[in-house]
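Here is a short briefing on one protein chain. Look over the sequence and the structure first, then read on.

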Amino acid sequence: MAVPEGHAEGVSTMTDDGLPAELRAENAIRIGQPPRDRGEAVRKLIWILPWLVFLGSPVQDLASGRHTPAATAAGWVALVSFTGVYLTLVFRNMGRPFSGRAVGAFVALLGTLALVLCLTLGSAWIGLFVYVSVTCGATLPQRIAYWAIGLNTLTMLLVLLHFRADDWSLVLVVLLLGFAMMGVKQLVRTTIELRKARATVAQLAANEERLRLARDLHDLLGHSLSLITLKSELAGRMLPDHPDKAAQQVADIEQVSRQALVDVREAVTGYRRPRLPEELAGTQVALTAAGVTAEVPEEPDLTGVSVESESALAWALREAVTNVVRHSGATRCTVEVLHRQTLDGPVLELAVEDNGSGGPGKGPGNGLTGLTERLEKVGGTLEAGRIKHGFRLIARVPAGTPSAVGSGA
């Protein structure tokens, strides 16, 4: 009997791409999919043909000469028709199955042929019920297949009683093979769903990587290019009267450019993870270069804060300072890093407040949107908006055991 899908097992040989030969896309017989070419169709057909062993008894009966010429000719026509319908149903079920009504009609035709041939030509044809049972399990919906297999087994049992045959083991074979084909069909369906799920996961991973890369490049280049622009303007103003100071600014521009190149390379390869102390030091430099009076804390207390949470907070600081330098027009900026106790537990809070306008935009830009996504991934939150005399950004990340507890956020 034929199974709806699969291929013979053999010894695996490794190919140049590191995959077993039978798993390569051009060699594998794809489960639950139609043949891609004539060669694959032939391989699937070859896997089906050996299971036609139960047709041996009908063929031997027709070749024995025990029937009249008319009965023999009719038997051959019926046997060929039965086999053709069976192979068509099973082969088409591999990828382009018939509609439900067509499948039901073909299964009914197979059952009718099996019953008529057994009653007219003898008990040698009783093996046809095996193929009817396999077809029911492989092609019919699960609820209908249960009843169809049971009805087919009962019909075969009655035929055996009619002929007073003693081959009762065949009844068990018919019943078990029908249910086995139902299991194979479910396995094929699960394989197809897993294949689709794997494609979806791969697509989501690619989208997530694009989003990560866009966020990193936005935050990195926005900050670095803003600092380069400021220092270039300072160098231009100092060049006529203070060439030595202008040269220092040019040296700083070179250093910032080199560091930006390193950061971009790390972002592209996925290894970029800024640290909060380094960003605080860079904040002091950037704000001073922009002519903004800065109040920046020294070494922060990172007790109980994971590396991922610290990295998200460092990105928040970089984005906030970039917005102050580029958009706000502020003259003063204050940065605070505090441990606080909230209803959700201890957190490490970063607050960046300036006396500027907050920028020309009316809504959150790409930077704030990316920050919100970063903080949400580590269980943090972001608040940003205008206040009475400026703009304030507050980012919070979970902290395990804070060394000092504030007044509550």
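Two strands pair if DSSP finds at least two bridges between them. Helices (H or I, at least four residues) and strands (E, at least two) are DSSP runs, numbered from the N terminus. This is a predicted model: local features need pLDDT of at least 70, side-chain atom pairs count only at pLDDT 80 or more, and totals for chains, interfaces and linings use all residues. Residues are numbered from 1 along each chain as its sequence is written, and side-chain values use heavy atoms, leaving out hydrogens and water.

**The sheet**
- E4 and strand E5 (residues 390-398) pair in the antiparallel sense over seven bridges.
- Arg386 stands opposite Phe391 in E5.
- Five strands make up an open sheet with mixed pairing, in the order E1-E2-E3-E5-E4.
- Strand E1 (293-295) and strand E4 (381-387) are the edge strands, and each pairs on one side only.

**The cores**
- A nonpolar core is a set of buried Ala, Val, Leu, Ile, Met, Phe, Trp, Tyr and Cys residues joined through side-chain atoms within 4.5 Å.
- Buried means under 20% relative accessible area, exposed over 50%, partly exposed in between (1.4 Å probe, protein chains only).
- The largest nonpolar core has 43 residues, of which Phe82, Tyr86, Trp125, Ile126 and Leu128 touch the most other members.
- Elements giving two or more residues to this core include helix H3 (69-92) and helix H7 (169-238).
- A second, separate core has 39 residues, including Val292 and Cys333.
- Contact means heavy atoms within 4.5 Å. Leaving aside residues up to four places away in sequence, Phe82 touches Leu110, Leu113, Ala114, Leu128, Tyr131 and Val132.
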